[in-house]
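Please look along with me as I go from the whole chain down to single residues.

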Amino acid sequence: MCGYDGKVDTTPVGLDAAHVRWWAAGGPDTLDHGLALCALHHKALDLGVLGISEEHRIQVSRAFHGGQRAQALVASLAGHPLALPQPGAPTLSEIHRGWHAREVFREPPRQLAAAAEADSPP
C-alpha cells in the first residue's frame, strides 16, 4: 500500500503478512488471500480503516480521523492502486476481498478530492 521496505541488513523490519480474511473467519493460508503490508497499514486493514475496492484501489474509511501526520500516512492513500504481485503470482481473491468489504471495512469510503469536487454543486 505505501511501499515501505525497511530492512536491517537483509531482514525486513516492520513488514507483515496480512490476511485479508481473518484466520478466525475461515481465511486460508494462500497467496491469493494475503498482502505484504507495513505494520501500520496491516493494523489499519484489520480495524477496517483501510479497505480494497473491486478495482483493487485502496479505500480509507470516512470514520478515520487524526492530525496532519495521520492524514499523510493513511488518508492520503485513498484511491491509490494496490501494488500488483510479481508476474505469475496470484492476485487478491474476490471472495476474500469481498468478505473484508462486508465484514470489516468501516464504510463509507472517503472520496477522492477530484471526485468530491465533481459531485459538489456549482
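**Overall build**

I began with contacts, which here means heavy atoms within 4.5 Å. Of the contacts in the protein with a separation of 6 or more, residues 24 or more positions apart account for 60%.

I noted the ground rules next: this is a predicted model, where local features need pLDDT of at least 70, side-chain atom pairs count only at pLDDT 80 or more, and totals for chains, interfaces and linings use all residues. Residues are numbered from 1 along each chain as its sequence is written, and side-chain values use heavy atoms, with hydrogens and water left out.

I looked up the secondary structure and found four helices and six strands. Helices (H or I, at least four residues) and strands (E, at least two) are DSSP runs, numbered from the N terminus. Read from the N terminus on, the order is β-β-β-β-α-β-β-α-α-α.

I then checked the overall size. The C-alpha atoms fill a box of roughly 50 × 35 × 30 Å along the principal axes. The radius of gyration is 15 Å, which agrees with a compact globule of 122 residues, since that would come near 14 Å. The radius is taken over C-alpha atoms, and the globule rule is 2.2 Å times the number of residues to the power 0.38.

**Surface and charge**

Of the 122 residues, 31% count as buried. Buried means under 20% relative accessible area, exposed over 50%, and partly exposed in between (1.4 Å probe, protein chains only).

I counted charges too, with Lys and Arg as positive and Asp and Glu as negative, leaving out His and the chain ends. There are 10 positive and 13 negative side chains, and the centres of the two sets lie 5 Å apart. Each charge is placed at NZ of Lys, CZ of Arg, CG of Asp or CD of Glu.

**Helix α3 and its surroundings**

Which residues of helix α3 (residues 94-103) are buried? I found His96, Arg97, Gly98, Trp99 and His100. The buried residues of α3 pack against α1 (39-46) and β5 (50-52). At the start of α3, a side-chain oxygen of Ser93 comes to within 3.2 Å of the backbone nitrogen of Ile95.

I followed Trp99 to Trp22: they are 77 residues apart in sequence and 9.4 Å apart in space, C-alpha to C-alpha. Trp22 sits in the loop between β3 (15-19) and β4 (34-38), and it counts as partly exposed because its relative accessibility is 35%. Beyond four places in sequence, Trp22 touches Gly27, Asp46, Trp99 and Val104.

In helix α1 I stopped at His42. His42 counts as buried because its relative accessibility is 14%. Not counting residues up to four places away in sequence, its contacts are Asp16, Ala17, Ala18 and Leu37.

Most residues other than glycine have a negative phi, and most peptide bonds are trans. I therefore marked the exceptions here.

- Asp9, in the loop between β1 (7-8) and β2 (11-12), has a positive phi of about 55°. Asp9 counts as exposed because its relative accessibility is 75%.
- His56, in the loop between β5 and β6 (58-60), has a positive phi of about 60°.
- Glu107 and Pro108 are joined by a cis peptide bond, with omega about 0°. Pro108 is in the loop between α3 and α4 (113-119).

Note on methods. A polar contact is a pair of N or O atoms within 3.5 Å; within protein, one must be able to donate a hydrogen and the other to accept it, and residues adjacent in sequence count only if both atoms are side-chain atoms.
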